[in-house]
Amino acid sequence: MTSVYLDANAIIRFVETDDDLFDSLLDHTRDGETRLYTSEFTLAEVLVLPLRENNTELLSVYETLFGVDNEIDIIPVDRAILRRSAELRATLGNKAPDAIHIATAALAGCSVFISSDLRIHLPDGMRRIDAEAVREMNIWE
């Protein structure tokens, strides 16, 4: 099984675009091939635009996605994640929000990090895949 981390920008891409990329990704979870993770911190990032624009429909979509019964494991931010994020900032030079995401992915055992952020620096053993590439079956190998 492949453990995959979804960065906030990937979730925004999947939710706010009218295509089947997210369904394609969820097909992997339904087949038992993939387990999806993100951080509680992601919620703080994805809600900004809907709150700014008073978009109650989009707020509802995100709150449902981050609810109890979903296909993404939501990892709480705790002291271990904050400590690991500081280590990653010291060694890889990421900004604090990115380091929190990466630390969460690392502690969840993720080998794949789905993000459109080309500036992100990942530790050895973890690779970035652009959200647009989730349809390609060979990315999981």
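Predicted model: local features only at pLDDT ≥ 70, side-chain atom pairs only at ≥ 80, totals over all residues.
Strands of a sheet, in general, pair through backbone hydrogen bonds, either parallel or antiparallel.

Look at one pairing in detail. Strand 1 and strand 2 (residues 34-39) run parallel and are joined by four bridges. Thr2 has its bridge partner in strand 2: Thr34.

## The nonpolar cores

In soluble globular proteins, nonpolar side chains tend to be buried together. The largest nonpolar core here has 25 residues. Leu6, Phe14, Phe22 and Ile114 touch the most other members. Strand 1 (2-6), helix 1 (8-16), helix 2 (21-30), helix 5 (56-65) and strand 4 (112-114) each give two or more residues to this core.

Phe22 shows how such contacts link up parts of the chain. Leaving aside residues up to four places away in sequence, Phe22 touches Leu6, Phe14, Leu65 and Ile72. Another core lies apart from the largest one. This other core has 13 residues, including Leu88, Ile100, Ile102 and Ala105.

Which residues of helix 5 are buried? They are Leu58, Leu59, Tyr62 and Leu65. These residues cover an arc of only 130° around the axis, which puts them on the same side of helix 5. The general rule behind such patterns is simple: an α-helix has 3.6 residues a turn, so residues three or four places apart point the same way.

The buried residues of helix 5 pack against several elements: helix 1, helix 2, helix 3 (41-46), helix 4 (48-52) and strand 3. The face turned away from the buried side of helix 5 is another matter. That face carries the exposed residues Thr56, Glu57 and Thr64.

## A buried threonine

Thr104 sits in helix 7 (residues 96-107). Is Thr104 buried or exposed? Thr104 has a relative accessible area of 0%. Buried means under 20%, so Thr104 counts as buried.

What does Thr104 touch? Not counting residues up to four places away in sequence, Thr104 touches Tyr5, Thr38, Ser39, Ile75 and Ile81.

Terms used
Residues numbered from 1 in each chain as written. Heavy atoms only, no water. Core = buried A, V, L, I, M, F, W, Y, C linked by side-chain atoms within 4.5 Å. Buried < 20%, exposed > 50% of the residue type's maximum accessible area, 1.4 Å probe, protein only. Contact = heavy atoms within 4.5 Å. Pairing = 2+ DSSP bridges. Arc of directions from axis to C-beta.
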